[in-house]
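Biologist: I would like to learn how to read a model like this one. Please take me through it feature by feature.

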Amino acid sequence: MKRTVGGAALFGGGLFLIVVAAALALVITPLLSKLPFDLDPPETTLEAPDATFVQAKMVNGAPQIGVERGALLATTGIQPDLGASAELTGALANEAVVWNVYQNIRRAGTDELISASESRIALDRKTGAAADWSGQCFTDQEDQPCQGGNISYGGQLYAFPFGTEKTTYQYFDSVLKTTLPLAYRGTDTVEGLTAYRFEQAVPEQPATMDSELVSTLLAIFAPGATSGTVQYRASRTIWVEPVTGSIVDYREQQHRVLVSDTGVRTTLLDAEFRYTPETRATVADKAGAGRSSLRLLGWYAPIGLTVLGVALLVFGFFLVRPARRTAPAPAHRAPTPAPA
């Protein structure tokens, strides 16, 4: 009796472990493989050690704009907007998260502000790509608020899909205000993590810039010119931890030149930005923790529970199964005497 009860308990325990393993792999892990609404990404900083750039500053109480050379620091901060995320409707409800993004570029050493911008964007929680949302906005003017609908984001910007693949993605170029292909080029190691390397090359072309700003630049750097364009080219290399889709390293080269109709060319920006070692260590640490959790819940734990569950099923089955009875040996019979 005890043998039967114990076997039944083991058999039931095995079934329970297998169900738990399936739930972890098929239900829990997919739920966790999404951008959390309350995710607070770390502030990232890129440095450009030897850059050429335009700087506007006050000199003896008068504004002065000129081309400078020195080190730059570009900082990006992200603040999740829980209220805006909760108000999303339709296909975006519970499937997208709204982020407020603040960026600035400062001169290293002096901390002088070179430029600043603010944007709002909705990201798909699974793919990390920009979602189609009417509240998207961007402004780089201090006196102009970020008003929804003045930009249309698309593709990847700040995150990649959970389970990033070795393929080509569309990446948003903030200067051209459009997406361009970003191709997988290899696998590297960043801070001890396996990372997919993606590259994007932007050929030289006119930049999308405010006409009044272009006119102001022409008046300063090309007096007498009646028209001109800002020619722009760039290249990017982005390293992505594939399990979480986290960007663990980033490098960008930008080159902008003011070209006037009089033939004057003025370099407005020539810089190579890359994550600082501190930023690289911070984002890699968070990505590594996220990867370990997802692998534990989605891979190692289900396999271990399944193996243990099968073992309990087999052991319990043999305990529950009735023992085979052996037939008794035939009784010895005395030989029958032969008839006389």
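**Reading the features**

Modeller: Buried means under 20% relative accessible area, exposed over 50%, and partly exposed in between (1.4 Å probe, protein chains only). This is a predicted model: local features need pLDDT of at least 70, side-chain atom pairs count only at pLDDT 80 or more, and totals for chains, interfaces and linings use all residues. Residues are numbered from 1 along each chain as its sequence is written, and side-chain values use heavy atoms, without hydrogens or water.

Biologist: Which residues of H3 are buried?

Modeller: General idea first. An α-helix has 3.6 residues a turn, so residues three or four places apart point the same way. Now the case here. H3 covers residues 211–221, and its buried residues are Val214, Leu217, Leu218 and Phe221. Seen down the axis, these fall within an arc of 100° (taken from the directions from the axis to the C-beta atoms), so they line one face of the helix.

Biologist: What happens at the start of H3?

Modeller: Look for a polar contact: N or O atoms within 3.5 Å; within protein, one must be able to donate a hydrogen and the other to accept it, and residues adjacent in sequence count only through two side-chain atoms. Here, a side-chain oxygen of Asp210 comes to within 3.0 Å of the backbone nitrogen of Glu212.

Biologist: How many helices and strands does the protein have?

Modeller: Four helices and eleven strands. They are DSSP runs, numbered from the N terminus: helices are H or I of at least four residues, strands E of at least two. The protein has 340 residues, and 40% of them count as buried. Of the contacts (heavy atoms within 4.5 Å) with a separation of 6 or more, 60% join residues 24 or more positions apart.

Biologist: What does the largest nonpolar core contain?

Modeller: A core is a set of buried Ala, Val, Leu, Ile, Met, Phe, Trp, Tyr and Cys joined through side-chain atoms within 4.5 Å. The largest one has 21 residues. Leu72, Phe160, Ile238, Tyr250 and Phe273 have the most contacts inside it. Strands S1 (44–59), S2 (62–80), S6, S8, S9 (228–241), S10 (246–260) and S11 (265–275) each give it two or more residues. A second, separate core has 17 residues, including Leu176, Leu180, Ala225 and Leu268.

Biologist: How many aromatic pairs are there?

Modeller: Seven. Rings of Phe, Tyr and Trp (its six-membered ring) pair if their centres lie within 6.5 Å; planes under 30 degrees apart are stacked, over 60 edge-to-face, the rest tilted. Take Tyr153 and Phe172: centres 5.0 Å apart, planes at 65°, so the pair is edge-to-face. Tyr153 sits in the loop between S5 (137–139) and S6 (168–173), Phe172 in S6, so the pair ties together parts 19 residues apart in sequence. Tyr153 is buried at 9% relative accessibility, and Phe172 is buried at 5%.

Now Tyr184 and Phe198: centres 5.9 Å apart, planes at 70°, so this pair is edge-to-face. Tyr184 is in S7 (residues 178–190) and Phe198 in S8 (residues 193–206), so the pair ties together parts 14 residues apart in sequence. Tyr184 is partly exposed at 22%; Phe198 is buried at 0%. Ring pairs also link Phe160, Tyr169, Tyr184, Tyr196 and Phe198 into a cluster.

Biologist: What lies over the face of Phe37?

Modeller: Arg125, at 4.1 Å from the ring centre. The test is NZ of Lys or CZ of Arg within 6 Å of that centre and within 35 degrees of the ring normal.

Biologist: Is Thr164 buried or exposed?

Modeller: Buried, with a relative accessible area of 5%. Thr164 lies in the loop between S5 and S6. Its side chain reaches the backbone oxygen of Pro161 at 2.7 Å. Beyond four places in sequence, Thr164 touches Tyr169, Tyr196, Phe198, Val240, Pro242 and Gly245.

Biologist: Where does Gly128 lie?

Modeller: In the loop between S4 (113–124) and S5. Gly128 is buried, at 2% relative accessibility. Gly128 and Gly245 are 117 residues apart along the chain, yet their C-alpha atoms are separated by 7.8 Å. Not counting residues up to four places away in sequence, Gly128 touches Leu35, Leu123, Gln156, Ala159 and Phe160.

Biologist: Which side chain joins that of Thr76 in a polar contact?

Modeller: That of Gln103, at 3.3 Å. Thr76 is found in S2 and is buried, with a relative accessible area of 12%.
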